[in-house]
Amino acid sequence: MEKPMNNQEGTIFGFSVEGLLNWTNVLYLASVAAALFFSVALWRLSAISSENKDRQLERYKTDARERISQAEAAARQAQEASSLANERAKTLELETEKAKLETERLKAKLAWRVLTQPQHQMLLASLSQRTGTATIAHVANDPESLYLAIQIANIFSEAKWTIGFQSLTLSGAIYFGISVPNSKSEDAPLIESALQSSGIPFGKNAIPPTAMMTGNGGISEDSAVLFVGTKPQ
């Protein structure tokens, strides 16, 4: 009885054992070569991927350092701007304070003289000890001097004194402050005492030469005179 062809001695499925062994060796070597190739390829691809990741990480670090540097520069600029703003604010505050002081100085310098209520009451009480006669004079064309002279004249009138009122145009001279010139009148000492007790500063200098005099009341060696000069500077 004949054996099947695939069972013939020295063959497998019709192929010789030697041939199959050769093909097996070839395939094995090919698989080993393929495994080696793919291993190398995998290693190389992993290295390239790692290098790419390293480059990306370095770029990220570089970008981060640049952003941090920019942020720090912006913070320094902001701090410098804030410092400059604070210095400017302090300068403006000092300038404002100086302006206020200068304004107050000018207000005090330009403000008209006004008797306080205590000065008014003390002067009235002193003059009311007895009646007398006096001439209240002021510098002509000087509204501030006129204003103070009117205040004083009203107090003399309230104290029942007989008063005259004169406007004097001085001849080539300026007189500052209040004066009660020396005179033979017995009323002059009382006027001086009343001014002193009221805290109103005055002098006793003679009135400068007068170019023109208008008003009522006489000014002579025998008359008591209270002269209101220009406001002291």
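Is Trp 112 buried, partly exposed or exposed, and what is its relative accessibility? In this predicted model, Trp 112 has a relative accessibility of 46%, so it counts as partly exposed.

**Aromatic pairing**
- There are 3 aromatic pairs in the structure.
- One of them joins Trp 112 and Tyr 147: the ring centres are 5.4 Å apart and the planes meet at 50°, so this pair is tilted.
- Trp 112 sits in the loop between α1 and α2, while Tyr 147 belongs to helix α3, so the pair ties together parts that are 35 residues apart in sequence.
- Tyr 147 counts as partly exposed because its relative accessibility is 35%.

**Helix α3 and its surroundings**
- Helix α3 covers residues 143-158, which makes 16 residues.
- From first C-alpha to last, α3 reaches 22 Å, close to the 22 Å expected at 1.5 Å a residue.
- Just after α3, Lys 160 adopts a positive phi of about 70°.

**Tyr 60 in helix α1**
- Tyr 60 is part of helix α1, which runs over residues 17-110.
- With 55% relative accessibility, Tyr 60 counts as exposed.
- Between Tyr 60 and Phe 202 there are 88 Å in space, C-alpha to C-alpha, and the two are 142 residues apart in sequence.

How values were computed:
Residues numbered from 1 in each chain as written. Predicted model: local features only at pLDDT ≥ 70, side-chain atom pairs only at ≥ 80, totals over all residues. Heavy atoms only, no water. Helix = DSSP H or I, 4+ residues; strand = E, 2+ residues; numbered from the N terminus. Buried < 20%, exposed > 50% of the residue type's maximum accessible area, 1.4 Å probe, protein only. Expected span 1.5 Å × (residues − 1). Phe/Tyr/Trp six-rings, centres within 6.5 Å; stacked < 30°, edge-to-face > 60°.
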